[in-house]
Amino acid sequence: MSDKLKINDFVVRFANVNGTGSASANLLFCKAIFRMGIPVTPKNIFPSNIQGLPTWYEVRVSEKGYLGRRDGIDLMVAVNAQSMEADIKSVHPGGYLLYDSSKKLPDHYKRDDIHFIPIPLMEICNETYTDARLRLLFKNIIYVGALAELMHFDFTVFESLLGDQFKGKEKLIAPNLNALKLGSDFIKANYKGTFDLKVERRDLLKDAIMTDGNSACGLGAIYGGATFAAWYPITPSTSVVEAFMEYADEFREEKETGKRKVAIIQAEDELAAIGMVIGANWNGARAFTATSGPGLSLMNEFLGLAYFAEIPLVLIDVQRTGPSTGMPTRTQQSDILEAAYASHGDTRHILLFPSTPKECFDLTATAFDLSEQLQTPVILMTDLDLGMNDHISEPFSWDDSKEYQRGKVLDYDDLEEIQRFGRYLDVDNDGITYRTIPGTHPTKGSFFTRGTSRDEYAAYTENSPAYQRNMDRLVKKWVTAREYVPSSQLYQNQHSSEYGILFFGTSQYAAEEAMDMLKEDKILVDGLRIKSFPFDQIAIDFLQNHKYIFIVEQNRDAQMKSLIMIELGISAEKLISVLNYDGLPITATNIVHQITHSLERVEKYTTV
Amino acid sequence: MTFIKPKFRHPDLPKNKLGYTLSFYEGALSTLCAGCGHDSISAAIIQSAFEMNIEPHKLAKLSGIGCSSKTPTYFLGNSHGFNSVHGRMPSVATGANMANKDLIYLGVSGDGDTASIGMGQFVHVIRRNLKMIYIVMNNGCYGLTKGQDSATADNGSISKAGIVNQFQAIDLCGLAIELGATFVAQSFSGDKKQLIPLIKAAMAHNGFAFINVISPCVTFNNNKGSTKSYDFVRDHLEATGTFDFVPEMEEITTNYESGEKHAIKLHDGSLLQFNKLDNDWDPLDRFSAMKAVHQAREKNEIITGLLYLNQGAMDLHELVNTCDRPLNTLKKEDLCPGNGALANINAGLR
């Protein structure tokens, strides 16, 4: 057994029963490490269930600041009898198992290559508390206290954390602190074994915040000026609109009247949700919806209408594991092609790929500008990992001097000046035409919006050249869009390798770590993170100027690779997929393994 | 037949209070079949908007897909229009209405668009009491795909191809009353005298106003044995009364035929006056209205007129408590909390 000290560098997994209050205790543990200034990343691996099924919470602590998931569990906190046997098996050799020893562990669960840390959690609770609910809840807090003792936490962090958590309910602080102490005291008095996972206070996080992407999207919609949201509840997107509601309560009440500067409608299904959002945007309000894969499938017909009728809208797709119902509580990046080409006929949609909560905030707000400037749907492609897990992120910031970009909208005075309004007339030769909002002018500017072909003056037509002119103009608009969308992020000033690695969204965390690991193995790869579709010139150059490009994505069918091949005509031989589609966030070791394996193959072929 | 709509209008044509002639409320030339009931309904909408002195840009017309949904092109050419996707007009109307509470929303749908593919949205827009006028041009068949039965085709009705419909019809008015619609009327495309005051009253109603208009399809469903043919409908009409809509402040000049006179004061102060022919039924009583609808069904009659009215319910804007200013007029200053507010939010996330 290794007794090498691991300071600020380990993975703890909590195995709990869903619905037993473990989430807040586990978050307390994670947040305490965050407050000690140490990079930490939690992943909630939860079932599609409200109560009773096994649920896991994985916390990675990384002094080096690697915030992706890491394989190999150094410490398992096993308090769920259902999954105990498998949980014990999953601990890394040399690791630790903290478990509830109120009941004797079956002999065949024992392993010689890991350390067992028994705590009679249930017994302690039964002795201390009479109320059944308290027994259940404080069991979780007691193991956090035990861990804190084992890992040498600074206990003052808990005092401030609980103080913040129970602001206004101060009498709850002391019982929680007491439960932490029960755990800590038990370890002090009873555990004499080794323990080499330690935390030490650092100041590595500066002004960073810790939050989830969905809340950040909800806040971004507030800042972006959304006044209407329509939605249908679906995991993992539900908390986007719930966050929007909470922030709306805070920021969108009209002081004088108590009335609200926002309307939020829970629709009967996703079809209605997107229909409402189209209606509101058509009528000049900034409106959005949030959904996940199955909802996006349902929205396809309406997305085609919005594309063809040129109606702005913002759609937040929090991707989960498909197809069909798939694994609704696991993560994936598998809606790329569906979103890019949603709906029948020739359609193409703007996609944005945030990686952090800060980017969820920024890009949601930006999406409203883009969709109105380009008069077309903008789909924010986030995922369950980013949306529902807490992430360390740059703090939110907003440039107060920035105005909302409402795009080409004619007002009363504009209409007074023009001779004849043509809704689909390409006046500026950029493919983007001028629109009017109902109610603007009594005699000028009205037009008929339809999904059927029409001429430049919005009159119904089945004239072939008129139809084709319009379709070609939409392509011109698409080319214009390249100038508007956020640029890709390059990881080097100059290319230093003939190999490139391309990634997007939540793969960023593991990919950045993988690049470092490869460097240690003397394998140099240039990095690029894509932030939008259509692809910008930076991405195009990167793809053209490397011999081989590894494309990291979290789906089975290499959807981003397909999109790059289709849109940019890059040959399949150049593009090597690095895939992960087991429903868990991708890890750096997985990427490194796949890349080195591919390199061996590539070299074999090229040297023959 | 001409394909160009003449633009010339006699200069002495009567004008409404806004100074517009009736022609100002017309739309493009209809491309529906000659004699289509839908064109009569379009004409009734034009007449109603003219008489109600509606500023065309203060009304938005919306529709789904189908023959009926094509009609917004043929009326109110100076209003914004939106021909959306099949069965989904109510959702688009909901969003549009939420964005700007100051406009009138006129939705047009058909029996396929409402009673089949759009049933879900129809049901839910009623539930929310969205302030809009929802007109179904109901011909019991799918016109644009050449005459298949729709869900409002009566059991036993015979199609042009000679096939007897074996399925129960969905009674849209009965359903609307059951769901709590706040204004439910039924009429016939051939009865302009009744339809126009109903549309005008619907425009004055503060909530969801539903008008189911039986509108025979001359091409695919006007045969012997069809219960939506002109002949059958005329023979089975059972008017609940004669109606007249009197706007607020206007002198009441209408002469009534004998019968029991009633007047309902609408939300905006206008009056809907009517002579009631059936003494058992009270349009302000939901149970009574339901009973009337059920009895008519039993007797194979098509009951017409304002069947039910409830002016006490809050509309969707009141329910979600939106501010008085339309949401689409709010500016960055109204909406964006600014960088200052982020300091607190960031602090709460550390």
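Reader: How far apart do the C-alpha centres of domain 1 of chain A and domain 3 of chain A lie?

Author: In this predicted model, those two centres are 60 Å apart. Domain 1 of chain A covers 6-198 and domain 3 of chain A covers 409-484. The assignment also gives domain 2 (211-393) and domain 4 (489-607) of chain A.

Reader: How do you know that the length of helix α1 (residues 37-51) of chain B agrees with what its 15 residues should span?

Author: The expected span is 1.5 Å times one less than the number of residues. For the 15 residues of α1(B) that comes to 21 Å, and the end C-alpha atoms are 21 Å apart, so the two agree. After α1(B) comes B:N53, with a positive phi near 55 degrees.

Reader: What makes α1(B) mostly covered?

Author: A residue is buried if 20 or more other C-beta atoms lie within 10 Å of its own. In α1(B), 11 of the 15 residues are buried, among them B:H38, B:I41, B:I45 and B:F50. The helix therefore counts as mostly covered.

Reader: Which elements of chain B do the buried residues of α1(B) pack against?

Author: They pack against β1 (59-63), α2 (67-70), β4 (132-138), α7 (192-204) and β8 (208-214) of chain B.

Reader: What makes B:P90, B:S91 and B:T94 in α3(B) contact residues of α5(B)?

Author: Contact requires C-beta atoms within 7 Å. These three residues meet B:Q121, B:F122 and B:V125 in α5(B). By class, the contact has 3 nonpolar, 3 polar and no charged residues. The axes of helix α3 (residues 89-99) and helix α5 (residues 119-127) of chain B are 8 Å apart, at an angle of about 35 degrees.

Methods: Residues numbered from 1 in each chain as written. Chains lettered and ligands numbered in written order. Predicted model: local features only at pLDDT ≥ 70, side-chain atom pairs only at ≥ 80, totals over all residues. Axes fitted to C-alpha atoms, helices over the stretch in contact; angles between N-to-C directions. Helix = DSSP H or I, 4+ residues; strand = E, 2+ residues; numbered from the N terminus. Contact = placed C-beta atoms within 7 Å. Nonpolar A, V, L, I, M, F, W, Y, C, P; charged D, E, K, R; others polar. Buried ≥ 20, exposed ≤ 12 C-beta atoms within 10 Å, placed from the backbone. Domains from an automatic or database assignment.
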